[in-house]
2 protein chains.
Amino acid sequence: MSDTREQILEQIKVQGDLVRQLKAAKESKEKTAPSGGGRVSSSGAPAQRQQQQQPQKQQQAQEQQQHEQLHQIDEEVARLLALKATLGGDAAPTNQKFTLKTPKGTRDYGPQQMTLRQGVLDKIVQVFKRHGGEAIDTPVFELKEVLTGKYGEDSKLIYDLKDQGGEILSMRYDLTVPLARYLAMNKISSIKRYHIAKVYRRDNPAMTKGRYREFYQCDFDIAGTYDPMLPDAECVKIVSEILDTLDIGDYVIKLNHRQLLDGMFQACGVPADSFRTICSAVDKLDKSPWADVRKEMVDEKGLDEAAADRIGEYVRLSGGAELVEQLLADEKLKAVPNAVKGLEGMKQLLKYCSIFGLDKRVSFDLSLARGLDYYTGVIYEGVLKGESATVASPAKTSQQNGEQANEPATVGSVAGGGRYDNLVGMFDPRGKAVPCVGVSIGVERIFSVLEARAAASGLKLRTSDVEVYVASAHKGLHEQRLKVLNLLWDAGVKAEHSYKLNPKLLVQLQHCEEHQIPLVVVLGDAELAQGLVKLREVTTREETNVKLEDLAAEIRRRQQSSA
Amino acid sequence: MSDTREQILEQIKVQGDLVRQLKAAKESKEKTAPSGGGRVSSSGAPAQRQQQQQPQKQQQAQEQQQHEQLHQIDEEVARLLALKATLGGDAAPTNQKFTLKTPKGTRDYGPQQMTLRQGVLDKIVQVFKRHGGEAIDTPVFELKEVLTGKYGEDSKLIYDLKDQGGEILSMRYDLTVPLARYLAMNKISSIKRYHIAKVYRRDNPAMTKGRYREFYQCDFDIAGTYDPMLPDAECVKIVSEILDTLDIGDYVIKLNHRQLLDGMFQACGVPADSFRTICSAVDKLDKSPWADVRKEMVDEKGLDEAAADRIGEYVRLSGGAELVEQLLADEKLKAVPNAVKGLEGMKQLLKYCSIFGLDKRVSFDLSLARGLDYYTGVIYEGVLKGESATVASPAKTSQQNGEQANEPATVGSVAGGGRYDNLVGMFDPRGKAVPCVGVSIGVERIFSVLEARAAASGLKLRTSDVEVYVASAHKGLHEQRLKVLNLLWDAGVKAEHSYKLNPKLLVQLQHCEEHQIPLVVVLGDAELAQGLVKLREVTTREETNVKLEDLAAEIRRRQQSSA
C-alpha cells in the first residue's frame, strides 16, 4: 500500500510542478505581450476597412490562444485535484470549487420520477399508436438558420451553441420546426408521425408549475393534403384520449381558428401588418386580465383605442355550435371573407368533435390565440381545471371570458397545437407546401400534477422489476449464489443479490421488504447438498424447498398465479 | 380569396419596408461608428491594464449590438419570405438559402430506423431490468465545470453552449460524469442504475461505421462499497447477455485492469507522471499497429526506447486464467505491488466469469487500455468480430496481439466500461468516494450493423401498429367512418382511415396492403341500414358481415386467434 501511496505523491508533485509552470508561463506572457489590437489607428473610411481587419484577426487569434491556455490550466488543476482525491481521507483537499447543481431550469429524474414519467409516456405512446402514428427522431440541435424566423417574439429564447469552428448550431425549440425540416429535406408529402423528445427554451423557469428550460414534448402531427378538418378533428380527439387515460382531472379543450382571428382583427380595424403582434397580445389573455392586454395593444403596439375595444368584445366570447351561428350573423364579421371561412371551418370541426363524443370537452373560445407565428388554421389548447372547478359547458352560449376574476382557477395548458400549412414550404427550395396539423402534449406539467399527487399520498412506486432475490443463509456461499443467479438470468428471471461475500440473512431479507421484491431464494449448505433451495414469499414468509433444476419454472408458475 | 391575397400583399409590402429600413440603419451606423477599440493606445504596463479594459468592454457591447441587429434583420427577412411563401405557386420565391441538412455528424431517424432502434433499446432495457437496474435521467447539458478535468485528451471534443448570459454550459460527453455528479449532489452511496440517452462529441464522424457526433449510450452502473469483483463480473455478464440477445454475430469481451497496466508501466521503467499518457498510446493498439504506437511513445511522448520495447512485449499477450498465473510468476511484474494486485483482481474476475458461463466469451488482453482518465480498476470492451472470423479462444495462452496483420478484421468495439472509484469523490466537497463500476453499450454501431443487414435482406419492417382500417365502399360515408372509428378507438383498437371525404375503395385497400394492416372494415349503405359492416381480411380477402355493436369484440377475437 505504501508503494502506491508514494507513487501517487510523486505524481502529485510532478502534476503540481506542471500547473505552476503553466501559470508562470501565462503571467510572463501577459507582461510582455502588447494588449490586443491596441496599435490600430482609427479610421472609418470604407477603403481601409479591409486592411484593418488584419490586426483584429491577430487579436482574435491571441485571445483564442489565451483561452486555450486557461483551458489547459483548468484541466491540469482538475487533474491535480483528482490525484489528490485518490489519496482519500484527510489528504484530500476541498476539490469542489463550484456549487453542485444542474443548469438553471433543468433537473435530474431519479428512479421514482422516472417510473412515474415512463408510465405517463407509455400511455401517451399507446394513444399515438392507436391512431396509427409512426415514430421519428431528429438531432437535439439544428443549423441555426433552420430555426431563424419561425418563432416570432420567442426566438430570443433559443439556446445557441458556441462557435467552435464549423457549423453554427442552435438547440431545438420545439419538435414542429424539425419535423418541417425533415419533411422538406426528404421530400415526404404525407406522414402521421409522433415524436417524444426534449426541447430547450431560455425562459424564466417556474419549476413547481412544471415550467422548465429543458422539457419533454410529445408531438403527434398529420402531414398531407386532405379534406378539411378530418385530420384536425382527430388531433382534438387524441388530446381528449390522452387526458382521459392519464386521469389527471377535469379539463377543457379550447378551439379557435387563425383565419377567424385575422378576419376579426380586420373587422375591428387592425392594420394588416399588426395582425401577428396583436395576436401575440391576445395570447396573453390566459395569464393577464383584459385591461392589461388592452394596455399592451394601445400603449406598446400603437393600436387605435376603438379597435382594441372592439377586439375586447369578441375575445370575451366562448361557446359551441350556436356561437358559430351567432358570429356568422354578426354584421362586422360576415363582411370579411377570412372571418366567414374561419367560422365555416369551426362549424365543421365542432360537428366532427360531436361525432367523437367531445361535446362536453371542447369549447370554441375567441380568446385563444397561441403564441407561435406559423399557425394558419385551427388552433387548440387543452387546459386543466382547478380541482374544485367544473368544466364550462359549451352548450351555454357567450360566456364571459378574459375577465380572470370570474374564471375558475386553472393549473394551465397541458396540450396545444393547430394547423400550419406553410411551414414545410418555407424549407422547400421551390416553396412546395405540405399542409400539416398537430398537437403537442405538455407532459412536464402533467408530471408536476402527478408528482404532487404522489407526494401527498405518500405512496412509493416500485422502481425496479426484480422478481427474486438470491440470499445466503450463512457464510461462504457467494459462488453458489452466482451459480443460482446465472441459472435464473439465463431463464429470463429478474434477479439480484447482495454484492457482499458474506451478508447477514436479516439484512438481505430487509432489502427485499424495502424494495418490495416478492420472492427470495435462500441458499444453505444443508439444502444444497440435496440439490435443493428454499423459496420464500416475502410478504407471507412462507417457505418451500424446491429442486434447483425446477427453480426457474416454479418462479414463473408463482408469478402467473399472482398476476 | 382576392381579399386575402391583397392583405398578404399589403403585409409583404410593409414587411419589405421594415427590412429595407433595418438594412439602411445598419449601413449608416457602420459608416459613422469608429471601428471598435481602434483608439486605444498601446501599453503593457500592469497598472494601466484595468483602464484599458473599459474601451474593450465598449467594443464588446458594440459588437453585441451589431450582432443583435444582424439577428433582427435575419428574423425579419425570414418573416418576409414566409409571407411570400403563403402566396404559394409562382409568386413564392426561392426562400431556401442554405443547404437543407442535419448538423455534421448527426442524422434523422425515420420510421424504419426508429422501429429497428426501438427494438434494440427494448432488448437492452430488458437485460438491464433483469439485473435490477433502476432508470435515471439527467439534463443534456451540465455546468461546464462539471466536465472539466474528467476526459483527459478528449476534452477538446466537448460541445460548449454559447454564453448568452447566466451559466456557462457544455453538452454531456458521456453518461458517467453526469451520474457521478448526480450521486455526489444527492449524497447517494449506492444505486444500480441504467441510463439511455444521447451524448455529444465533436469527433470526426464516420457515419457508415456508426460513429456520430450525436449518439445514444446505454449505460448500466453499480455504485456502492462492495466486495471485490462481484459487481464487476455482473457488468461483464450484462455485456454478454446484451450481445447474445441482439444476435449481431460473434464477439469477444476483452478484459484488463488499470492497476496492472500501471504496475506494468512501472516495471517497464515508465516514469510515474507518464502513466496516463502512455496508457493513451496503448489505447490506440486496436486501430494502429504496434510500430506506430511505439513511435508515438518514443517520439511524441519522450519515452525511453528500451522501456517502449518492454511494453511491447507485454501488450502482445492475451489469454485466460493461465496467463494470469504466467504473469504472477514474471520476475519484473511480481516486484511491483500494483501489478500483483491487478493480477489478483483479474484472477478473481475470471473465476466469476467462468461461473457465469463466459469462458469462451472473455479474453484477458494486456493491450486493452481504454481512453478515459477516470478508470481505476477493471476495464473491459466488447468487440464484434468480422463475419468470417472466429472468436479467439481464451483457453490458448499468449496469443499474438497488437500486430494487426495477424488479427481477424473486427467491426469494432460495441461495449465498454470499467471501474472508477474516485470520480464521485471529485464532486464531493469532502472528497467522499463512492466506488463505481459500469458498462456502456455502443448502440449506434449495433444499429449500423443491423441496418446494413436489413438493407441487404430487403425486408421492410412494419412501422405502425394499425390493426384495422375503416374504409368507405362509396361516396358520402365519411361521418359514418368517424362514428365507427370512434367506437373502435374507445374500445382500444388501433384504427385509421383515409382523411379524404370520398376516397376510392381500391386506393383504400391498396393502402392496407402496402402498410401490412391485417383487417379492413368496409362501410356501405346497404349493410349500415341493417346495422352491419363488412369485416375483411387483407391477405385472404375473406369478408364477413358483423354487427356494429359486436365489431370491437370480433376484432379482438381475431387478433387473439392469429397471435
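This is a predicted model: local features need pLDDT of at least 70, side-chain atom pairs count only at pLDDT 80 or more; totals for chains, interfaces and linings use all residues.
In strand β16 of chain A, A:E543 is the bridge partner of A:R536.

Let us take the two pairings in turn. Strand β15 of chain A, residues 532-537, is joined to β16(A), residues 543-547, by five bridges, and the two run antiparallel. They form a hairpin with five residues between them. Within that turn, A:R541 has a positive phi of about 60°. On the other pairing, strand β14 of chain A, residues 519-523, is linked to β15(A) through four bridges, again in the antiparallel sense.

I now turn to chain B, and to the sheet there. What is the order of its strands? The sheet is open, has five strands and mixed pairing, and reads β13-β12-β14-β15-β16. β13 (495-497) and β16 (543-547) of chain B stand at the edges with a single partner strand each, so one side of each is left without a neighbour in the sheet. On average, neighbouring strands of this sheet are turned by 30° against each other, direction ignored.

A parallel pairing in this sheet is that of β12(B), residues 468-472, with β14(B), residues 519-523, over five bridges. Here B:A471 has B:V522 as its bridge partner in β14(B). Helix α17 of chain B, residues 505-514, packs on the sheet and touches β12, β13, β14 and β15 (532-537) of that chain. The direction of α17 makes about 170° with that of β12(B).

Next, some totals for chain A. Its secondary structure comes to 19 helices and 16 strands. Of its 563 residues, 54% count as buried. Among contacts in chain A with a separation of 6 or more, 72% are between residues 24 or more positions apart. The chain exposes about 24,600 Å², of which carbon and sulfur atoms supply 50%.

Finally, the nonpolar core. Which residues touch the most other members of the largest one? They are A:I311, B:M171 and B:I311, in a core of 285 residues.

Note on methods: Residues are numbered from 1 along each chain as its sequence is written. Chains are lettered from A and ligands numbered from 1 in the order in which they are written. Side-chain values use heavy atoms; hydrogens and water are left out. Two strands pair if DSSP finds at least two bridges between them. Axes are lines fitted to C-alpha atoms, for helices over the stretch in contact, and angles run from 0 to 180 degrees between N-to-C directions. Contact means heavy atoms within 4.5 Å. Buried means under 20% relative accessible area, exposed over 50%, partly exposed in between (1.4 Å probe, protein chains only). Accessible areas come from the Shrake-Rupley method with a 1.4 Å probe; for residues, only the protein chains shown count as cover. A nonpolar core is a set of buried Ala, Val, Leu, Ile, Met, Phe, Trp, Tyr and Cys residues joined through side-chain atoms within 4.5 Å.
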